[in-house]
Amino acid sequence: MSAVDAAATTAASAVQLLREPVCGMTWGWTGIRGTWTSPAAEESMRSMAEHAVTWTAIAYAAEQATPFSTEIPFEAEPTVTDDEIVASIRRAHGLGMKVCLKPVVNVADGTWRANIGFFDWDVPGEPSWTQWFASYRDFILHAARIAEAEGCEMLCIGCEMVRADGQEAHWRALIAEVRAVYTGPITYNCDKYQEDRVTWWDAVDVISSSGYYPIDSWQEQLDRIERVALQHGKPFFFMEAGCPSREGSAELPNDWNLVGSPSGAEQVRYFEAMFAACRARPWVRGLMLWDWPADLYAPEQASLNDDYCPYGKPAADVMMREYRAWAAEASA
């Protein structure tokens, strides 16, 4: 089978795969070594599956030192080991969930990965995109081999790499190499407001993005994203979405540092608006909510927890109700 035929086959399988909605949740972030095979981690994933979650993004980070570093030491601490990744995939499959493996690069000095960047062209003696993509290639191909061996239903090859998004030739070359080792559907998780700026959506099988949109702008943003999905004829879902349970977060759901008191009602308000907007658009094939930690807080601490995880909070009931209804509609 030619590369073109193989890509067409994978694209068709992605359409078939996403006929059922992605009723999803990201699990395990950031993938700290030693945290994924504990009894607490097993209980965390089991509890997540009981919340009507049928898909999970098993997400972990490798750390480069600075936004200008060109080495990504993905086999070093603090990144989880291959054994931890494999065990988590098998646990998710054993619980009946589909898996999107999601390797992500972070910056150890705290810089957001969107700001990783170099000169647009290679300059002798300066760190370059060519050098960085060589290291990133090793990281992603390593994950792709695991995803293939373990039968992951999808592979996400990058997350919110805003400055890197413009390196179209490098991404196309990477995707071609990924397809040589991974036969499932490939997606890329662009950042919010970037859906109509990525120029290489035709190279992946599924378009996905981080949907941290203010509560009152969902309709406007979905109108914009719909044009992208229709233009490329690709399935679309939100690889990340959600809102902290914190006062004021519905207007700034991407700001995890926002100052405010814990508020389950705020998260409920956002979840109800988000699900209503997305479920009204048939081309939106689901949500991979952010996020469910490997080490959950105690249920009695839920009202004091102001992070994204809905466990033990009123928003969990909204999520379960909406996911069950979405799945039922698809199977009717």
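A residue is taken as buried under 20% relative accessible area, as exposed over 50%, and as partly exposed in between. On this scale Asp 306 is partly exposed in the predicted model, because its relative accessible area is 26%, whereas Arg 246, at 4% relative accessibility, counts as buried. The side chains of these two residues, Arg 246 and Asp 306, meet in a salt bridge with an N to O distance of 3.1 Å. This pair links distant parts of the chain, since Arg 246 sits in the loop between β7 and α7 (264-279) and Asp 306 in the loop between β8 (284-292) and α8 (314-331), 60 residues apart. A network is also found in which Arg 279, Arg 321, Glu 322 and Glu 329 are joined by salt bridges that share partners.

Over the whole structure, the search returns 21 salt bridges. One of them is formed by the side chains of Glu 240 and Lys 102, with 2.7 Å from N to O; Glu 240 belongs to strand β7 (residues 236-241) and Lys 102 to strand β3 (residues 98-107), so that parts 138 residues apart in sequence are tied together by the pair. Both Glu 240 and Lys 102 are buried. A salt bridge of 2.7 Å, N to O, also brings together the side chains of Arg 172 and Asp 202, and here helix α5 (residues 168-179), which holds Arg 172, is linked to the loop between β5 (186-190) and β6 (206-210), which holds Asp 202, across 30 residues. Arg 172 is partly exposed, with a relative accessible area of 30%, and Asp 202 is likewise partly exposed, with a value of 44%.

Tyr 60 counts as buried at 3% relative accessibility, and Phe 139 is buried with a relative accessible area of 2%. The rings of Trp 218 and Tyr 270, with centres 6.3 Å apart and planes at 55°, form a tilted pair. Because Trp 218 lies in helix α6 (residues 218-232) and Tyr 270 in helix α7, this pair ties together parts that are 52 residues apart in sequence; Trp 218 and Tyr 270 are both buried.

Just after α4, Gly 151 adopts a positive phi of about 65°.

How values were computed:
Residues are numbered from 1 along each chain as its sequence is written. This is a predicted model: local features need pLDDT of at least 70, side-chain atom pairs count only at pLDDT 80 or more; totals for chains, interfaces and linings use all residues. Side-chain values use heavy atoms; hydrogens and water are left out. Helices (H or I, at least four residues) and strands (E, at least two) are DSSP runs, numbered from the N terminus. A salt bridge is a side-chain nitrogen of Lys or Arg within 4 Å of a carboxyl oxygen of Asp or Glu. Buried means under 20% relative accessible area, exposed over 50%, partly exposed in between (1.4 Å probe, protein chains only). Rings of Phe, Tyr and Trp (its six-membered ring) pair if their centres lie within 6.5 Å; planes under 30 degrees apart count as stacked, over 60 as edge-to-face and the rest as tilted.
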